[in-house]
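This report goes through a protein structure element by element. Please look over the sequence and the model before reading on.

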Amino acid sequence: MKNIKVIVATHKEYKMPKDKLYLPLHVGAKGKQDLGYTKDDTKKNISEKNPFFCELTGLYWAWKNLDADYIGLVHYRRHLTLNKVKTKDQNKKFEQVLTLKQADKLFNKTDIILPSKRNYYIENLYNHYKHTMYIEPLDETRKILEEKYPKYLKEFDRLHKRKSAHMFNMFIMKKEVLDGYCSWLFDILFELEKRVDTTNYTDFHKRFYGRVSELLLDVYINTNNLKYQEVKFMDMDNINWWKKGTSFLKAKFFGKKYEKSF
């Protein structure tokens with residue numbers, strides 16, 4: 001059996017998968033009450049950046065500190081699965097999360113496991129970001145790529161055409177692939193920290209680092225022609241799709257940006 005470890009990023013107590021594949025990780029743990037999980041403020045870490053980097057403080061911790069041949073990231077309320085999940089019963093959902101045995105088999109044919117793409121249908125990825133968030137961080141990211149990593153510009157500019165992407169910062173990667181991706185990603189994000197003035201941003205909009213990184217994942221994978229295997233993803237909480245859809249339309253047609261996660 002391959003040595004595969006997937007962190008479950010969480011900031012609160014929550015039901016966790018029992019399979020040996022998973023390691024619950026308290027992200028943003030620095031200065032917070034102990035939840036009984038492994039904490040992201042140990043060893044090499046950027047735990048203090050969690051109010052802005054969100055789950056990426058967990059990714060950084062896993063990248064720097066986990067001893068595994070394959071490393072991944074999922075969320076306490078969103079998981080990977082091989083099943084087409086229709087039930088609203090959370091306990092039954094947890095019975096269907098991706099297992100170590102299943103991941104081991106998938107990695108016989110690939111170095112990366114990703115959730116299936118999310119489609120936005122009526123607008124491209126750049127416009128969706130522009131309508132729902134402040135666009136300045138994404139535009140500044142392009143400038144950083146132009147200066148430091150110009151070979152990625154062509155794929156980055158395809159955000160103006162593509163309407164689907166592998167979202168949520170969820171994946172499992174062979175360690176060598178993760179090393180390359182995280183070295184590139186965090187170099188960009190740390191540079192972005194120096195350049196974007198967030199004075200007038202709400203706390204919600206100051207969390208743009210995680211949102212920018214969602215769009216950078218495919219930029220990295222496609223530019224480097226990396227092969228991957230898609231699996232399904234599922235929300236552990238039931239989603240209010242009417243509220244989510246209404247907010248999406250308000251953002252697109254009336255310029256009302258998101259003010260919370262859905």
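Is Lys 43 buried or exposed? Lys 43 has a relative accessible area of 66%, and because the cut-off for exposed is over 50%, Lys 43 counts as exposed. The model discussed here is a predicted one.

## Two residues with positive phi

Lys 43 lies in the loop that links β3 (38–39) to α1 (50–53). Its phi is positive, at about 50°, although Lys 43 is not a glycine.

Asn 169 also is not a glycine and has a positive phi, of about 55°. This residue belongs to the loop between β8 (164–165) and β9. Asn 169 has a relative accessibility of 2% and therefore counts as buried, whereas Lys 43 is exposed.

## Strand β1 and its partners

Most of β1 is covered, with six of its seven residues buried. Strand β1 runs parallel to strand β4 (residues 70–75), and six bridges join the two. Within this pairing, Ile 7 is placed opposite Leu 73 of β4.

Strand β1 is also joined to β2, again in the parallel sense, by five bridges. Here Ile 7 faces Leu 23 of β2.

## The loop between β1 and β2

Lys 20 sits in the loop between β1 (4–10) and β2 (22–26). What is the relative accessibility of Lys 20, and how does the residue count? The value is 69%, so Lys 20 counts as exposed.

Leaving out residues up to four places away in sequence, Lys 20 touches Lys 5 and Leu 100. Lys 20 and Leu 159 are 139 residues apart in sequence, and their C-alpha atoms are 37 Å apart in space.

## Strand β6 between two strands

Strand β6 (residues 112–115) is covered on both faces. Ile 112 and Leu 114 are buried on one side, and Ile 113 and Pro 115 are buried on the other.

Which strands pair with β6? One partner is strand β9 (residues 171–174), which runs antiparallel to β6 and is joined to it by two bridges. In that pairing, Met 173 of β9 is the bridge partner of Ile 112. Another partner is strand β10 (residues 229–235), which pairs with β6 in the parallel sense over three bridges. Pro 115 has Val 231 of β10 opposite it.

## Helices α2 and α8

Helix α2 (residues 56–65) and helix α8 (residues 175–195) have axes that come within 10 Å and cross at roughly 135°. At that angle, α2 is therefore oblique to α8. The crossing of α2 past α8 is left-handed.

On the α2 side, the contact involves Leu 56, Leu 59, Tyr 60 and Trp 63.

## Helices α6 and α9

Helix α6 (residues 136–148) packs with helix α9 (residues 208–223) at an angle of about 55°, and their axes are 10 Å apart. The two helices, α6 and α9, are therefore oblique to each other. Helix α6 passes α9 in a right-handed crossing.

Which residues of α6 and α9 meet? From α6 they are Pro 137, Leu 138, Thr 141 and Leu 145, and from α9 they are Phe 208, Val 212, Leu 215 and Leu 216. Sorted by class, the contact of α6 with α9 has seven nonpolar residues, one polar residue and no charged residues.

Tyr 149 has its place in the loop between α6 and α7 (153–157). With a relative accessibility of 21%, Tyr 149 counts as partly exposed, because buried requires a value under 20%.

Neighbours within four places in sequence aside, Tyr 149 is in contact with Ile 144, Trp 184, Asp 187 and Ile 188. Tyr 149 and Trp 184 are 35 residues apart along the chain, and 8.7 Å separates their C-alpha atoms.

Conventions: Residues are numbered from 1 along each chain as its sequence is written. This is a predicted model: local features need pLDDT of at least 70, side-chain atom pairs count only at pLDDT 80 or more; totals for chains, interfaces and linings use all residues. Side-chain values use heavy atoms; hydrogens and water are left out. Axes are lines fitted to C-alpha atoms, for helices over the stretch in contact, and angles run from 0 to 180 degrees between N-to-C directions. Helices (H or I, at least four residues) and strands (E, at least two) are DSSP runs, numbered from the N terminus. Angles under 35 degrees count as roughly parallel, over 145 as roughly antiparallel, 65 to 115 as roughly perpendicular and the rest as oblique. A crossing is left-handed if the near helix is turned anticlockwise from the far one by less than a right angle, and right-handed if clockwise. Contact means heavy atoms within 4.5 Å. Buried means under 20% relative accessible area, exposed over 50%, partly exposed in between (1.4 Å probe, protein chains only). Two strands pair if DSSP finds at least two bridges between them. Ala, Val, Leu, Ile, Met, Phe, Trp, Tyr, Cys and Pro count as nonpolar, Asp, Glu, Lys and Arg as charged, and the others, Gly among them, as polar.
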